[in-house]
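Please report on the salt bridges and nonpolar cores of the structure shown here.

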Amino acid sequence: MTRYFAFFMTSFFIVFSIKSTAGQKRIKPSQSIINVKDFGAKGDGVTDDADAIIQALTQAVKTNSVCYIPKTTRFYNISKTIRLSLNANDKITINSDGATIRPIGMVKNESIYNITSYPEHVFLSLGPREASSDVHKAFVNNDGVSVNVKGLCFDGRAFQVVSLPPKNDADIAIALQVSAQNINVSNCTFQNIFGYGIRLHGASTLNVNSTNFARVGGRGKTPSADKVDFDAFGDAIYISSLRENASVSIASCTMTGIKSGNMRSRVGITFEYSSSNYNANIKGCDVRGYAKCIHIEEKNNSTFNINQCKFADFNYAIANIRDNATMNFYNCTFTVGLSDGKDNGSALVFLSMYGMPTISVYKSTLDYSNSAQRTYQSVVGLKLLKDCIINANNKNFYFADSNVTFDGCTFQNFGGAGASFFSNSGKNKFVIMNSRFSGGGDVHANGTKASLNFMNSNVSQQGRKLIEKATN
């Protein structure tokens, strides 16, 4: 009888153990699991769970364990930053099955580094202390540090503002801030975040996968700048100070900015303050509702491969500032609307300032059908459009300012009384080869100094006469 009872109790313990870990998937058997509830976290939406989560994270680092934050029927309330200070070679993995971190009031801030001059409130801050007050050198002391965050939801509705732009002293939220050599964020949700979704610094390898940003961003005036500068904050993903030859992957993410009237949020994905070259791959992302979908402001020669992405509802889809990046786009869609009025000029796909990127676009659609009449698309840095569709919708849209080859492209409803290609310098040459024009008016550069060369393309006879007249 005793033997049968012992067998029964052993079997019960095994079954119970399996059931109790059912929600903690993809955890290595060799790693122990630390549950924040064992340290007093409630997740009831009322209790201040900040200290309990900090204690659990600290213990997880000490014991090389996974910190598990279980989903509750409500959320984990915090009154201060969940700040985990890491040393060289420390590792932390945070797993969840959809638990929500949502402060119900202001968060007492204790971040790694404050980037803006606005009052910042960071929800979860992981990494070493700043190494320098200079942002270019602030994240150089994180050798060997690894951070993995999976399955969490961050909700910042307590920080919402009524209208944009806010006052210069508005409180902003940063849901997740990480300084580490290796960073992985996956299957997370960021919602109602007025400020930044995530700020990631100093990485050699950086991956953000299958993560959703809903109503994340905002856009404030830069206090020290002229009033027309609405570029102070408001990014879904902000990446800075990457290491030399770093590898960045952002895949299967959606980003939707906060809008007030026509005013969009600042940026979907920002790359800034990296002095060394790196490689970035962005795939399967949908970015909309931002003044700039991708913003690169660095002095280096990094390489970006962007594949199967959709960009819409922007002032500028791609903004290259001071950089000489190589950018390759494959199977992407750019849907141009109207500017929100806070940036000069019309809404455009490409904006290049103070640098000379090399941009090539393959099998993609540039849809200007909802843009303004006579939209001017500067193509500084754009070298090649291969097998692309350009939809102009009879608005006499025109390209200008660079040397571009269009190969195998389809121009829909393109051309008209005004020039389709423009140059003031006479140095800009446009080569249109193996391309087809469907609908639209005459395609020409009459009245400008642009040079046009049509090769095996069906431009109209009237268009050719106008070209010859301008050339002669």
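Which residue forms a salt bridge with Arg322? Glu297 does, and the closest N and O atoms are 2.4 Å apart. The model is predicted. Arg322 sits in the loop between strands E21 (310–321) and E22 (326–330), while Glu297 belongs to strand E19 (residues 286–297), so the bridge ties together parts 25 residues apart in sequence. Arg322 is partly exposed, with a relative accessible area of 36%. Glu297 is also partly exposed, at 22% relative accessibility.

The count comes to 15 salt bridges. Among them are these pairs:

| Salt bridge | N to O distance |
|---|---|
| Arg322 and Glu297 | 2.4 Å |
| Arg243 and Asp143 | 2.7 Å |
| Glu110 and Arg129 | 3.0 Å |

Take Arg243 and Asp143, which form a salt bridge. This pair links distant parts of the chain, 100 residues apart: Arg243 is in the loop between strands E14 (235–240) and E15 (246–251), Asp143 in the loop between E6 and E7. Arg243 is partly exposed at 22% relative accessibility. Asp143 is partly exposed too, at 43%.

Salt bridges also form a network. Asp231, Asp235, Arg266 and Lys292 are linked in it.

Now the nonpolar cores. The largest has 112 residues, and Ile250, Met255, Phe271, Phe311 and Phe406 touch the most other members. Helix H2 (residues 50–63) supplies the largest share of this core, 8 residues. Apart from it lies another core of 14 residues, including Leu164, Phe194, Tyr196 and Phe230.

Leaving out residues up to four places away in sequence, Ile250 touches Val208, Ile237, Ile239, Met255, Ile269, Phe271, Asn281, Ile282, Lys283 and Cys285.

Terms used
Residues numbered from 1 in each chain as written. Predicted model: local features only at pLDDT ≥ 70, side-chain atom pairs only at ≥ 80, totals over all residues. Heavy atoms only, no water. Core = buried A, V, L, I, M, F, W, Y, C linked by side-chain atoms within 4.5 Å. Buried < 20%, exposed > 50% of the residue type's maximum accessible area, 1.4 Å probe, protein only. Helix = DSSP H or I, 4+ residues; strand = E, 2+ residues; numbered from the N terminus. Contact = heavy atoms within 4.5 Å. Salt bridge = Lys/Arg side-chain N within 4 Å of Asp/Glu carboxyl O.
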